[in-house]
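Look at the structure below and follow the chain with the text beside you. The paragraphs take one region at a time.

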Amino acid sequence: MCGIIGIHGNPEASTLAYLGLYAQQHRGQEGAGIVTMDNGVCHRHMGDGLVSDVYADPATLARLSGNIAIGHTRYSTTGDIENRNVGPLYFNIDDQPVAIAHNGNLVNMSKTRRELQQAGALFQTSTDTELIVHLIARSRRTSMADRVADALKQVEGAYSLILLTPEGLIAARDPQGWRPFVVGRLENTWVLASESCALDLIGAEIIRDIEPGEIVRIDDNGMETSQRLPKKKLNHCIFEYIYFSRPDSRIFGVNVDKLRRKIGKTLAKESPVPAADIAISVPDSSNTATIGYADQSGTRHEIGLIRNHYVGRSFIRPEQKLRDLTVKLKFNTVKGVLEGKEVIIVDDSIVRGTTMRKLIKLVREAGAKAVHVRITSPPIRFPCHFGMDFPTEKELLAANKSVEEIRDWFGADSLKYLSIDGLLQSMDLPGDHFCTACFTGDYPIVPEEGSGKLMFETGINSMPGS
Ligand code: SF4
């Protein structure tokens, strides 16, 4: 997962890109970067950490001059978490500057990367994004949009891409539409973003999604669809609705808030707890689903957990050591709400289970007399190869324990997950438009061996921001 933003036609392009990244901070907290173009010359600055840290000095944004900008918040799914992998990546192709911001994960990168290396290609980073750049550089077509199309015909997997080129911005989305991607306008300025919440923040109007398989070019003459990649069956990531996207975003044409409420209602129909006094959410991603659950079941909705918003999301951090620490720092209980109550904790998903186990202990310590857990997704039993950070079965709780074993390990009085049928019935789009591989193991593309979290030893320590 990553958040990307593209701005075309605004003298404050870097500031708008900064704001767009700020709104999409939840999509990646390991690093952020912005590249601008000013009369054919690129300026860039990137760094590790939150957007507000990377651009804490106002002079940094002021140095990023130009009417065109792209930006990226990084969350590593392939490659290590070193600074050299923070996007947008920046290269020269035929002596022309090109920068690229990518949200997604390619699944045929290891073989193609090996082949390119055997042919003499030198890789600067360990990201799959760089692979696309190499393929663009090898294309014999003349226009950049055509070269991008040539490259993308050779890759498989999930990608929403924005390239900053001397021809303007080029945006592309994989034919299966795995990740969200939206385009809008702020007066004469074009805005591209992973999520519509970025457009809302800067006051831009949403025009439409970039279509699956579509490649568009935005220049001073406007936006034109320049190519379509071969059509494939849609595979929107259903986990974007369950957990990842912000509830105020519109994803795959549907409001996330509305859908999460529906999912919560379905779960309440499937797995009510008639004796419960209150239903509480694990803030923030399950807030809206909990409202749906409480509405449907007639259980009082309460705020029983307070989240410290200055600590990052727990499962997004890549190392277990850090994850454990952030769980402890992140939540506090409201004793007056929980004391003596039979409590339902509603959460969106269980990946490794460390957060939920800790929360149940905290809720009991706050005086709850019973704790029931309701999860608004089916058990995650299979790795994701398309951009979500749960790549190995070893790390997935439900891949290694039965629901009853998980309940016991949690120390909960009951534990129920939403069924896959209930999840798909809650969608506003046909069920076969979604990828559900992490629940079912039914992968729309069989990933090439070695795809996923790869660590390459390149001997390069960092690519400094400038
Ligand atoms: S496997 Fe799960 S998380 Fe990955 S793309 Fe499919 S639905 Fe999304």
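Predicted model: local features only at pLDDT ≥ 70, side-chain atom pairs only at ≥ 80, totals over all residues.

Residues are numbered from 1 along each chain as its sequence is written.

Begin with strand 1 (residues 3-8). Helices (H or I, at least four residues) and strands (E, at least two) are DSSP runs, numbered from the N terminus. A residue is buried if 20 or more other C-beta atoms lie within 10 Å of its own, exposed if 12 or fewer, and partly exposed in between, with C-beta atoms placed from the backbone. Six of the six residues of strand 1 are buried, so the strand is largely enclosed by the rest of the structure. In a regular strand the side chains alternate between the two faces of the sheet. Here Gly3, Ile5 and Ile7 are buried on one side, and Ile4, Gly6 and His8 are buried on the other.

Strand 1 also has paired neighbours (two strands pair if DSSP finds at least two bridges between them). Strand 4 (residues 68-74) runs antiparallel to strand 1 and is joined to it by six bridges; isoleucine 7 has alanine 69 as its bridge partner there. Strand 10 (residues 189-193) pairs with strand 1 over four bridges, also in the antiparallel sense, and tryptophan 190 is the bridge partner of histidine 8.

Helix 10 (residues 287-297) is likewise largely enclosed, because eight of its 11 residues are buried. Among them are Asn287, Gly292 and Tyr293. Two residues are in contact if their C-beta atoms, placed from the backbone, lie within 7 Å. The cover over the buried residues of helix 10 includes helix 9 (256-270) and strand 21 (342-347). Glycine 298 follows helix 10 and has a positive phi, near 75 degrees.

Now turn to serine 245, in the loop between helix 8 (239-244) and strand 15 (250-251). Is serine 245 buried or exposed? Serine 245 is buried, because 29 other C-beta atoms lie within 10 Å. Leaving aside neighbours within four places in sequence, its contacts include Pro180 and Glu195. Proline 180 is 65 residues away along the chain, yet the two C-alpha atoms are separated by 9.0 Å.

The residues around it include Trp178, Cys237 and Thr436, where a residue is near a molecule if its C-beta atom, placed from the backbone, lies within 6 Å of it.
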